[in-house]
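Hi,

Here is the structure I promised to pass on. Please open it alongside this message, and my notes follow below.

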Amino acid sequence: MLIASTSAQTEPIELRVGVYAEHFDTAYSILIDEHCPDIRSVDVPPYKIGAIEPLILCLALKEGGLEIKWKLHGYPLATRMIQAVEQGHIQATLYPFWSRYITPTKVFASKALIGPNEYTKGFYSTPDNLRAHKAKSLQQLQALSGVSNNTWVADQELIDCLDLNTSNNALNYDEMYKKLAQGKADYLLTEFPKNPDLTRQDFTFELTPIPNFKVVFADSLHFLISKKGEQAEALKTAIDIGLKKLDENGDLDYAYQLFGQFNPATKDWTTLGCHGDT
């Protein structure tokens with residue numbers, strides 16, 4: 001069914017969207033089983049943080065005047081999802097992508113969810129890795145061994161820019177956590193959780209941040225909408241209207257606080273980045 005108008009919808013619109021395979025069940029639960037609950041009513045544990053951005057998209061579409069019948073398509077890699085939306089196999093991505101991935105001839109980009117030089121991650125290690133937690137300078141961080149996914153281009157650019165040692169490669173966070181637990185790496189880069197002590201407990205492992213350091217990404221974050229999809233411009237308009245309302249009422253910032261973005265506990269930490277203070 002095509003989108004005729006963002007203001008005169010009579011029945012739900014079927015929408016094909018891309019989701020990371022590892023977050024498929026979480027996204028399905030929040031969108032379909034829970035029918036997109038109010039962002040301030042959900043309690044999302046760290047291991048289900050993959051629900052937040054799909055929920056943002058769903059609420060934005062509601063605010064923009066659309067009710068959606070979701071058709072989820074899982075992809076193991078970000079590159080596969082980007083190709084799918086560019087080729088029109090899906091109409092939009094459930095997760096936002098860095099601005100560097102926007103090809104204006106193939107996709108529309110939504111209003112930014114987070115602006116340039118705002119999105120941060122911490123250096124997370126096991127609590128018993130005293131060497132990692134004693135790092136007090138970039139030079140000492142560079143002497144540690146990190147683990148990452150070398151297909152995560154934005155992360156890899158930061159790693160290279162800061163001359164960090166991440167010779168360990170892993171397919172996903174599950175593998176990364178296991179390498180830390182096995183002592184094969186000292187840290188990984190990941191988002192801060194919402195709790196004040198910043199401890200993460202994912203995949204049965206506990207990780208704590210190396211204090212006083214965080215990295216910042218130069219790009220902004222956007223949902224991607226296929227220009228080959230049905231009524232692509234109307235879909236982008238509805239998303240942007242909704243994101244603007246979520247931003248104005250504070251729900252967008254609140255949602256990303258669940259990610260640990262804008263966490264006051266890290267406000268004064270040293271920020272490391274390719275386009276900022278290092």
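In helix α3, the buried residues are Met 81, Ile 82, Ala 84, Val 85 and Glu 86. Please keep in mind that this is a predicted model. Those buried α3 residues pack against a set of strands: β1 (13-20), β2 (68-75), β3, β4 (97-98), β5 (107-109) and β13 (224-226). After α3 comes Gly 88, which has a positive phi, near 85°.

Staying in that region, have a look at Gln 91, in the loop between α3 (78-87) and β3 (92-93). Its relative accessibility is 4%, and because buried means under 20%, Gln 91 counts as buried. Setting aside neighbours within four places in sequence, the contacts of Gln 91 are Glu 14, Leu 15, Arg 16, Val 85, Leu 224, Ile 225, Ser 226, Gly 229, Glu 230 and Leu 235.

Next, the pair of helices α1 and α2. The crossing of α1 past α2 is right-handed. On the α1 side the contact is made by Ala 27, Ile 30 and Leu 31, which meet Pro 54, Leu 55 and Cys 58 of α2. Sorted by type, the residues of this contact are 6 nonpolar, with no polar and no charged ones.

How many disulfides does the model have? The count comes to 1 disulfide, and it joins Cys 36 to Cys 58, with an S to S distance of 1.8 Å. Cys 36 sits in the loop between α1 and α2 while Cys 58 belongs to helix α2, so the pair, 22 residues apart, links distant parts of the chain. The link of Cys 36 and Cys 58 is right-handed, with 100° about the S-S bond. Are these two cysteines buried or exposed? Both Cys 36 and Cys 58 are buried.

Two further cysteines may be worth a glance. Cys 161 has 39% relative accessibility and therefore counts as partly exposed. Cys 274 is partly exposed as well, because its relative accessible area is 30%.

Best wishes

Conventions
Residues are numbered from 1 along each chain as its sequence is written. This is a predicted model: local features need pLDDT of at least 70, side-chain atom pairs count only at pLDDT 80 or more; totals for chains, interfaces and linings use all residues. Side-chain values use heavy atoms; hydrogens and water are left out. A crossing is left-handed if the near helix is turned anticlockwise from the far one by less than a right angle, and right-handed if clockwise. Helices (H or I, at least four residues) and strands (E, at least two) are DSSP runs, numbered from the N terminus. Contact means heavy atoms within 4.5 Å. Ala, Val, Leu, Ile, Met, Phe, Trp, Tyr, Cys and Pro count as nonpolar, Asp, Glu, Lys and Arg as charged, and the others, Gly among them, as polar. Buried means under 20% relative accessible area, exposed over 50%, partly exposed in between (1.4 Å probe, protein chains only). A disulfide is a pair of cysteine sulfur atoms within 2.5 Å.
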